[in-house]
Amino acid sequence: MGKKKLNITMCAMVFAIMLVIVSGRTAVYADSTEGRPEVAETTVATVTRTVKKGLVREKDGYHYYIKGKTIKNKWKKIKGRYYWFKSDGVAARNGACKVKGTYYVFDSLARKLTSGKTKAVRIQNRTYLVDKKGKAVKGWKKLGNKVYYASKTGKCAVNQTVDGIRLNKNGYATSTKALCKAAARRFISLHTTSKMSKRQKLRACFNQIIWYNRFVGNMDPTPAEFKKKTWVYKYALQMFQNGLTGNCYGISSSVAAVAKELGYQPYVITIPDGHSFVMIDGLYYDNMYGTLFGASSRPAYTVQYKIKF
């Protein structure tokens, strides 16, 4: 009888051990005063810790982890593209970000834009001007037949008028006036230096126009153009685009266009004799009479049209 009872006890212990194994628990057995085994249970918890590494997108944006720590205030090249991680560890994206005094433009995936040439790009429904290295381009810029104006962050002005140029909802203008402005700015950059004063720049451009123009007598504005008074932009643009080809109307218009971009307020004066010249602050600029540059007087004349450029 005692042997049979012992076998039953042993079977109960084996069954208990199997239950513990199946449930994932460990058991410690002790003698019971009643002759039955007592079970003290403990649960063993397994914790797996994931260490973040590389480029990770999180709720606040992109981070880059090295040994579980996010990098900050640092450029990182990833698969051939550059990322800038700000002071909070979040990568710059969706527009311009100032990095060590320079604005760079980043796309929606936080990659610095590197197009290989200056171009207009669309980011989050806004237009930005970006150079070949991803830096923001500010001020006026002509790309193809479109003229843009951008702030220091590279963001283009939209649906507004800047310096008399109306920019559309896409951030550019295609008017003759806008193209003339861009052409005049380029002409100035080609024939002046940064060390010149404003007047020296005007003189240099004036000389270039007077000395190297290809004079063609039959390029007068039409009667209808005279009445609209916007012909000055058309004839200045023709001069800049066609190797300074034109007559006194083109010459005066191109001189006025350059003067305007240099910060002067020029007027184009036409007279009934079939001639035109420029007046700035009461002084005359004329390709006639031995060439007048800032002259206080000229031969008597009757004003036909006085056009504020």
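**Entry 1**

Which residue in strand 4 does Arg57 stand opposite? I found Tyr62 there, in strand 4. Before going on, I noted that this is a predicted model, where local features need pLDDT of at least 70, side-chain atom pairs count only at pLDDT 80 or more, and totals for chains, interfaces and linings use all residues. I also noted that residues are numbered from 1 along each chain as its sequence is written, and that side-chain values use heavy atoms, with hydrogens and water left out.

Helices (H or I, at least four residues) and strands (E, at least two) are DSSP runs, numbered from the N terminus. Two strands pair if DSSP finds at least two bridges between them. With that in hand, I saw that strand 3 and strand 4 (residues 61-66) pair antiparallel over 5 bridges. They belong to an open sheet of 3 strands, in the order 3-4-5 with antiparallel pairing. Strand 3 (54-58) and strand 5 (69-70) each have a single partner strand and stand at the edges, so one side of each is left without a neighbour in the sheet.

**Entry 1: the whole chain**

I stepped back to count, and the protein chain has 6 helices and 23 strands. Of its 309 residues, 39% are buried, where buried means under 20% relative accessible area, exposed over 50%, and partly exposed in between (1.4 Å probe, protein chains only). Contact means heavy atoms within 4.5 Å. Among the chain's contacts with a separation of 6 or more, 43% are between residues 24 or more positions apart.

**Entry 2: two hairpins**

I looked at strand 10 (residues 119-123) and strand 11 (residues 126-130), which pair antiparallel over 5 bridges. Ile123 has Arg126 of strand 11 as its bridge partner. Their hairpin has 2 residues between the strands, and Gln124 takes a positive phi near 50°.

Next came strand 19 (residues 266-271), with 5 of its 6 residues buried. It is joined to strand 20 by 6 bridges, and the two run antiparallel. Pro266 has Ile280 of strand 20 as its bridge partner. Here the hairpin has 3 residues between the strands, and Gly274 in the turn has a positive phi of about 85°. Strand 19 also pairs with strand 23 (residues 305-308), antiparallel over 4 bridges, and Tyr267 stands opposite Lys308 of strand 23.

**Entry 3: two helices**

The expected span of a helix is 1.5 Å times one less than its number of residues. Helix 2 has 16 residues and reaches 22 Å from its first C-alpha to its last, close to the 22 Å expected. I listed its buried residues, including Ala182, Ala183, Phe187 and Ile188.

Helix 3 (residues 198-212) has 15 residues and reaches 21 Å, close to the 21 Å expected. Its buried residues include Leu202, Cys205, Phe206, Ile209 and Ile210. What covers the buried residues of helix 3? The cover includes helix 2 (176-191), helix 5 (231-241), helix 6, strand 20, strand 21 and strand 22 (292-295).

On a 1 Å grid over the protein atoms alone, a cavity is a set of points where a 1.4 Å probe fits but cannot get out; a pocket is an open set with protein on both sides within 12 Å along at least five of seven lines; lining residues have an atom within 4 Å of a point. Grid points are joined across faces, edges and corners, and a volume is the space filled by probe spheres set on the points.

The whole structure holds 1 cavity of 30 Å³ or more. The largest cavity has about 40 Å³ of space, and its lining includes Phe206, Cys248, Phe277 and Asp286. Helix 6 (248-261), strand 20 (275-280) and strand 21 (283-286) each give two or more residues to that lining. Helix 6 gives the most, with 4 residues.

The largest pocket has a volume of about 510 Å³. It is lined by 21 residues, and those closest to its centre are Ala182, Ala183, Arg185, Arg186 and Phe187. Which element supplies the largest share of the pocket's lining? I found that helix 2 does, with 10 residues. Strand 12 (139-143), helix 2 and helix 5 each supply at least two.
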